[in-house]
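Reader: I'd like to learn how to read salt bridges and helix packing in a model. Could you walk me through some cases?

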Amino acid sequence: MSNNVILVRFGELYLKGKNKDYFENTLKNNIRRKLEGIECSLYFGRGRYVVKDYPNAVESEIIFKLKQVFGIHSISVAKRCGYELDDIAALAISMIPDNCTFRVTTHRSYKKYPLNSLQMNMRLGEMILDSKSKVSVDLHDPDFVVNVDIRENGDVYLYDSAVKCAGGMPYGTGGNGLLLLSGGIDSPVAGYMLAKRGMNLTALHFHSYPYTSEAAKQKAIDLARIIDSYCPGIKLMCISLTEIQETIHEKCKPNYMITLVRRFMMRIASKVAKDNACGCLINGESLGQVASQTLESINVTNAVVDIPVFRPLIGMDKDEIIEIAQRIGTFEKSIEPFEDCCTVFLPEFPLIKPTVEKVIEQESLIENYDELIEKAVSQIETIKLF
């Protein structure tokens, strides 16, 4: 077994007051599920969680998995000892390299400990200097920081650094949302951003087979699997837009194609959301990025739904979105060259400033509008991700 432990810190849960237990219990359960199957034990203390009793070989795997758990602010690989000052000093001395500058930083949650944080910093610093002649103190820019965490459970933890994790709120504490998952860069990032705020995700993918390939649909499935590492148990459904797009192409003006398709998509998504107890829709729109994402286009598509539509990327540049996609592991899959349903019957000059009145006029040309929606929803396919 490893002599190390992994300290787990959470962030915003401190702000939840009397509701804190609900959020903490959800986070604890999410950690248990994430580490299921890995040999280790968990200790849930006040303000700190500890992963311990694990083989050395699985330490990096535990760190990787914990970094994907929303609600965890940071983690540290630490060494543990008791309250005796000599034991703490001996452990600190063993950790500090020769020929370096150092600083001691103490966090003392156990207020009955005989030395306060400043006294602990000074006393440990003196003991380290007495034992290691080639080190010196630098309080501002040290080579090595000895962090000392004195807890109420009789343990003292020493570590040198912290690893930043996903942060946010525990997954599953923010209600249910339906993510419109395309095969592009933006929508997986949008789902990640809302899941980071605790929202439980269900995903809906539209395809236009045979105009789009099975590979395009598979790309969306693969993206859902990547997102599942952050959002465990995500449900993916697929709906065909083929007949709807063929009908629009036949009945309506070409430059209205994208706008009309997106209104169909929003109406269908709204029905699917309500059938799956989702209180909102989530998409990856960024203002002005393409013709369908102008203010006018967004207003026209919003007009057909009566539940909130969350657009977490609305004010982000493409470079910012790409940076997040790369960090969460969806970017390489998203840029695979398989076209999605929005490229089918793509007009040369799509509308960028549609009006509701003109769009309704075009929709009136589709006599079986409601039937097309009901048929699409009735043929929904639920995908098994694992």
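Author: Gladly! The term salt bridge means a side-chain nitrogen of Lys or Arg within 4 Å of a carboxyl oxygen of Asp or Glu. Helices here are DSSP runs of H or I with at least four residues, strands are runs of E with at least two, and both are numbered from the N terminus.

This is a predicted model, where local features need pLDDT of at least 70 and side-chain atom pairs count only at pLDDT 80 or more, while totals for chains, interfaces and linings use all residues. Residues are numbered from 1 along each chain as its sequence is written, and side-chain values use heavy atoms, leaving out hydrogens and water.

Reader: Is E363 buried or exposed?

Author: E363 counts as buried because its relative accessibility is 9%. The cut-offs are under 20% relative accessible area for buried, over 50% for exposed and partly exposed in between, using a 1.4 Å probe and protein chains only. R263 is buried too, at 3%.

Reader: And how do I describe the way two helices pack?

Author: Two packed helices are described by the angle and the distance between their axes. Here, the axes of α8 (residues 257-275) and α12 (residues 356-363) come within 10 Å and cross at roughly 85 degrees, so α8 is roughly perpendicular to α12. Axes are lines fitted to C-alpha atoms, for helices over the stretch in contact, and angles run from 0 to 180 degrees between N-to-C directions. Angles of 65 to 115 degrees count as roughly perpendicular, under 35 as roughly parallel, over 145 as roughly antiparallel and the rest as oblique.

Reader: Which residues make the contact?

Author: From α8 they are T259, L260, R263 and R267, and from α12 V359, I360, Q362 and E363; contact means heavy atoms within 4.5 Å.

Reader: How many salt bridges does the structure hold?

Author: It holds 19. D222, R225, K333 and E336 are linked in a network of salt bridges.
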